[in-house]
Amino acid sequence: MSIWDYANPVKFIRTADHILPWVSGAALLCLVTGLVWGFFFTPDDFRQGSTVKIIYLHVPAALMAINAWLMMLVASLIWIVRRHHVSALAARAAAPIGAVMTVIALATGAIWGQPMWGTWWAWDPRLTSFLILFLFYLGYIALWEAIESDDTAADLTAILCLVGSVFAVLSRYAVNFWNQGLHQGASVMRAGAMAGDTEERVSNVFAVPLFVCIAGFVLLFVALVLLRTQTEIRARRTRALLARERVA
Amino acid sequence: MIALLSRDLALAVRAGGGFGLGLAFFLIVTVLVPFGVGPETALLARIAPGVLWIGALLACLLSLDRILALDWEDGSLDLLATAPLPMEGIVTVKALAHWITTGLPLVLAAPMLGVLLSLPVEGYLWVFLSLALGTPALSVIGTFGAALTVGLKRGGLLMSLLVLPLYVPTLIFGAEVARRGAEGLAVSAPLAMLAGISCGVIAVLPFASAAVLRINLR
């Protein structure tokens with residue numbers, strides 16, 4: 001049995017029904033553990049004080065904002081190559097989640113930036129590229145909503161996602177070129193840090209609950225995508241039934 | 001393809017409203033900026049390259065509707081699709097016609113409007129050059145946006161939303177070239193990036209536009 005069997009909507013819904021309670025339960029467990037641990041049982045940072053704790057929302061949301069687009073890109077490619085409808089619907093289902101993650105990352109970043117940098121917003125490369133990513137999400141969602149025919153919408157948004165990915169990467173480097181940053185470099189996932197270099201990495205006291213939070217956000221994303229894809233399939237089925245009724 | 005190009009050009013010139021509109025809009029933006037930020041010469045000179053670039057980009061955005069929408073409405077797009085021309089060729093010619101009617105006048109007008117913004121003398125060449133290199137990319141990207149939204153009622157606003165993030169890299173590098181040129185700094189790195197974006201976009205994006213147009217004409 002191959003993984004493509006899950007492209008069958010009926011099979012997908014049945015499987016998702018089986019998995020969903022487990023995934024959402026695990027997401028809830030991780031998020032509650034990670035956030036409670038992060039917010040109440042970690043020491044204050046010696047320089048940033050208690051504001052450092054927003055990291056438990058900011059970093060996972062920012063990670064998911066990028067990875068949601070990546071998942072949409074993969075799903076769009078699968079739709080273009082193999083034309084499995086569930087794939088296109090999964091991409092559609094992921095877009096608003098990604099957009100919300102982008103907003104969370106931007107908002108928590110602004111709240112964090114105010115006490116640390118003395119400003120809510122700076123035209124820093126990382127901040128700016130996230131704003132552009134948010135525009136990409138908005139355009140993608142708007143295009144899905146604007147087109148009536150489902151297959152046309154799936155085709156067009158898939159191509160937009162492909163072209164948009166190239167331009168998103170391009171923008172990322174363009175804004176780097178355009179302005180030097182205020183935002184710190186990567187300090188959670190670093191090759192040196194993984195190898196045990198403790199100079200420039202987040203201390204273990206903060207890193208462990210952070211990884212639990214990241215796991216929680218990933219699981220939450222998976223659960224939401226499964227749920228929303230199911231909803232999309234059912235909505236489409238309802239529309240088909242209604243259309244059939246009108247004809248009969 | 002040459003016939004198609006001359007037809008599009010003739011339509012743009014004779015049908016009115018399209019050809020001069022972008023230029024007029026460009027003029028309006030340039031004239032309004034000093035009213036908005038004040039007539040201080042030093043300040044104007046500093047922001048002039050950026051303002052010229054933003055004005056050109058907005059003027060370009062304004063005229064994107066005309067690339068495909070009119071042909072879609074009167075059905076000539078369907079005829080073109082059945083003509084013995086590859087769709088990629090059609091969208092390339094459409095983008096070229098848009099650039100000749102919108103981008104080229106903007107490029108030629110920009111140094112003139114630079115006078116109004118007291119652009120430094122060193123800047124004229126670089127504003128001209130960066131716009132000449134960058135506006136073809138704007139036209140090609142815009143054609144992709146127009147092809148995406150061609151069948152939609154009131155697609156203009158949606159098209160602006162779709163095209164805007166795609167314009168960001170071109171705008172950044174184009175304005176960077178113009179700014180550095182005006183300040184007498186080295187321009188080779190952003191110039192190379194701008195040329196790279198233009199060439200890459202012209203080489204690849206017509207295929208995406210053609211695919212999108214085929215889907216929309218299905």
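A:Glu232 and A:Arg92 form a salt bridge in which the closest N and O atoms are 3.8 Å apart, where a salt bridge is defined as a side-chain nitrogen of Lys or Arg within 4 Å of a carboxyl oxygen of Asp or Glu. The pair links distant parts of the chain, since A:Glu232 belongs to helix 7 (residues 204-247) of chain A and A:Arg92 to helix 3 (residues 85-117) of chain A, 140 residues apart. Helices here are DSSP runs of H or I with at least four residues, numbered from the N terminus. A:Glu232 is buried, with a relative accessible area of 14%, and A:Arg92 is also buried, with a relative accessible area of 14%; buried means under 20% relative accessible area, exposed means over 50%, and partly exposed lies in between, using a 1.4 Å probe and protein chains only.

This is a predicted model, in which local features need pLDDT of at least 70 and side-chain atom pairs count only at pLDDT 80 or more, while totals for chains, interfaces and linings use all residues. Residues are numbered from 1 along each chain as its sequence is written, chains are lettered from A in the order in which they are written, and side-chain values use heavy atoms, with hydrogens and water left out.

Helix 7 of chain A takes part in another such pair. A:Asp150 forms a salt bridge with A:Arg239, with 3.3 Å between the closest N and O atoms. Because A:Asp150 lies in helix 5 (residues 150-178) of chain A and A:Arg239 in helix 7 of chain A, this pair ties together parts that are 89 residues apart in sequence. A:Arg239 counts as partly exposed, at 41% relative accessibility.

In chain B, the side chains of B:Asp71 and B:Lys94 meet in a salt bridge of 2.1 Å, N to O. B:Asp71 counts as buried at 6% relative accessibility, and B:Lys94 counts as buried at 3%. A network of salt bridges links B:Glu176, B:Arg179, B:Arg180 and B:Glu183. Over all chains, the count comes to 11 salt bridges.

A:Phe41 is placed in the loop between helix 1 and helix 2 (55-82) of chain A, and counts as exposed at 61% relative accessibility.

How values were computed. Helices (H or I, at least four residues) and strands (E, at least two) are DSSP runs, numbered from the N terminus.
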